[in-house]
Amino acid sequence: MSTFKAPKGTYDLLPPDSAKFLAVREAIAAPLRNSGYGYIETPGFENVELFARGVGESTDIVTKEMYVFETKGGDRLALRPETTAPVLRAVLEANLHKAGNLPVKVWYSGSQYRYERPQKGRYRHFSQVGAEAIGAEDPALDAELIILADQAYRSLGLSNFRILLNSLGDKECRPVYRAALQDFLRGLDLDEDTLRRAEINPLRVLDDKRESVQKQLGDAPLLRDYLCDACKAYHEEVRELITAAGVSFEDDPKLVRGLDYYTRTTFEFVHDGLGSQSAVGGGGRYDGLSEMIGGPALPSVGWALGVDRTVLALEAEGIELELPSTTSVFAVPLSEEARRVLFAKVTELRRNGVAADFSFGVKGLKSAMKSANRSGARYAVIAGERDLAEGVVQLKDMESGEQVAIGVNEIVAELESKLG
Ligand code: ATP
Ligand code: MG
């Protein structure tokens, strides 16, 4: 062990388990790629104000969870705690929204950083795959994203998850509801912090996980009863489109999200095998975000799915992803000359697209064959002095254990044909 350890709340992805993370990222990205979403990548840090304004001054993310630092040049930056605001910043900066082709549909994959209390499923560094559809107000777009996330989870074999759905209203009806909720909250027995929150952002009190708060919220007014006609019709359309696609969901009239910028459609994916960190993903419509960060009105919708928790969900359901062994051929040289000959064969195989590996370092036959086994290779190619003197190498089928001599000049073609 070295003197150093991974920082608190973080962990390393190591082979072979890391392959699962790649497979999860790939499984989430595949339906997006297939649906007109282009890949976007933004820096791991941004001007801190982007998050303060974009995510919201009163959110936990901004008040407690951000890694903020000042550069030598005096810039105040933050490691990104989420990627929706950065994506919108990038789209506005590049004027993608002016190219006359709305919505701009993009997906991303990357690290997020939040200074949280570490526990299972909650880390200070974690990874999300996300999708954003920017610049269109169309219930079909909200439905599309929910359907694609459902498809992604199902393609991984997950079934023990639920989709919770709600509407947060818009600038017409939300203020009316907000005032009613505030009135209600003022009458409760809440600590000072929570009362302050009720004044700044009362909807977020609904999201308070504490039992002492939750048990007082039973009679809280529900946004559902305050939605304006436009919001009601919009939400009904989203529900119908998802239902028609055969995707089941639950209406959750108390679902709000930790970020200030959500309007109308709001949803969360929860997995029932994860204990208290049950949200595997979430998202919704954020019609006001663009204006909050100085852009034009650009109604948008998106989601972010947590890769770490999705991997935990797979484990909770006992799902073993079928990860094809990466190495097909493993070469084991038993002499100096064989090293050169087999290294050249491995190089040739690789150039021809066959996944091949080599026994590096000076090893005896036994330990080299152990490496071959561990690599998961279907075939081993073994050669010593005597083989080469006869112009052959030994081709061993690692499944049957059968071994045959093949001409040195034939081995590459032979392996290619065997591996199809
Ligand atoms: P939570 O309520 O669990 O704190 P959140 O509302 O903060 O989640 P979002 O900001 O919506 O989460 O992020 C989307 C997804 O990213 C979450 O559903 C979750 O899977 C994942 N995620 C969020 N925070 C963490 C974290 N600290 N560690 C691991 N995954 C996380
Ligand atoms: Mg959180």
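Colleague: In which hand does α12 pass α15, left-handed or right-handed?

Modeller: The crossing of α12 over α15 is right-handed. A crossing counts as right-handed if the near helix is turned clockwise from the far one by less than a right angle, and as left-handed if anticlockwise. This is a predicted model: local features need pLDDT of at least 70, side-chain atom pairs count only at pLDDT 80 or more, and totals for chains, interfaces and linings use all residues. Residues are numbered from 1 along each chain as its sequence is written, chains are lettered from A and ligands numbered from 1 in the order written, and side-chain values use heavy atoms, without hydrogens and water.

Colleague: At what angle do the axes of α12 and α15 cross?

Modeller: Roughly 40 degrees, for α12 (residues 336–351) and α15 (residues 411–419). Their axes come within 10 Å. Axes are lines fitted to C-alpha atoms, for helices over the stretch in contact, and angles run from 0 to 180 degrees between N-to-C directions. Helices are DSSP runs of H or I with at least four residues, strands are runs of E with at least two, and both are numbered from the N terminus.

Colleague: So what do we call α12 and α15 relative to each other?

Modeller: Oblique, therefore. Under 35 degrees is roughly parallel, over 145 roughly antiparallel, 65 to 115 roughly perpendicular, and the rest oblique.

Colleague: Which residues make that contact between α12 and α15?

Modeller: K345, E348 and L349 come from α12, and I411, V412 and L415 from α15. Contact means heavy atoms within 4.5 Å. By class there are four nonpolar, no polar and two charged residues. Ala, Val, Leu, Ile, Met, Phe, Trp, Tyr, Cys and Pro count as nonpolar, Asp, Glu, Lys and Arg as charged, and the others, Gly among them, as polar.

Colleague: Next pair. How are α6 and α7 packed?

Modeller: At about 160 degrees, with axes 9 Å apart. The helices span residues 174–186 and 192–200. They are therefore roughly antiparallel. α6 passes α7 in a left-handed crossing.

Colleague: Which residues of α6 and α7 meet?

Modeller: R178, Q182, L185 and R186 of α6 meet L195, A198, E199 and I200 of α7. That splits into four nonpolar, one polar and three charged.

Colleague: And what about α1 with α5, which residues meet there?

Modeller: A27, I28, P31 and L32 of α1 face L148, Q151, A152 and S155 of α5. Six are nonpolar, two polar and none charged. α1 passes α5 in a right-handed crossing.

Colleague: Switching to ligand 1. Which residues come nearest?

Modeller: R114, E116, R122, Y123 and R257, out of 14 residues around the ligand. Near means that a heavy atom of the residue lies within 4 Å.

Colleague: Where are the polar contacts of ligand 1 with R114 and Y123?

Modeller: A ligand oxygen is 2.8 Å from a side-chain N or O atom of R114. A ligand nitrogen sits 2.9 Å from a polar backbone atom of Y123. There is also G121, with a polar backbone atom 3.5 Å from a ligand nitrogen. A polar contact is a pair of N or O atoms within 3.5 Å; within protein, one must be able to donate a hydrogen and the other to accept it, and residues adjacent in sequence count only if both atoms are side-chain atoms.

Colleague: Backbone now. Is L102 to P103 cis or trans?

Modeller: Cis, with omega near 0 degrees. P103 lies in the loop between α4 (84–93) and β5 (104–113). P15 to P16 is cis as well, with omega near 5 degrees. P16 is in the segment before α1 (18–33).

Colleague: What is the phi of N95?

Modeller: Positive, about 60 degrees, although N95 is not a glycine. N95 is in the loop between α4 and β5. Most residues other than glycine have a negative phi, and most peptide bonds are trans.
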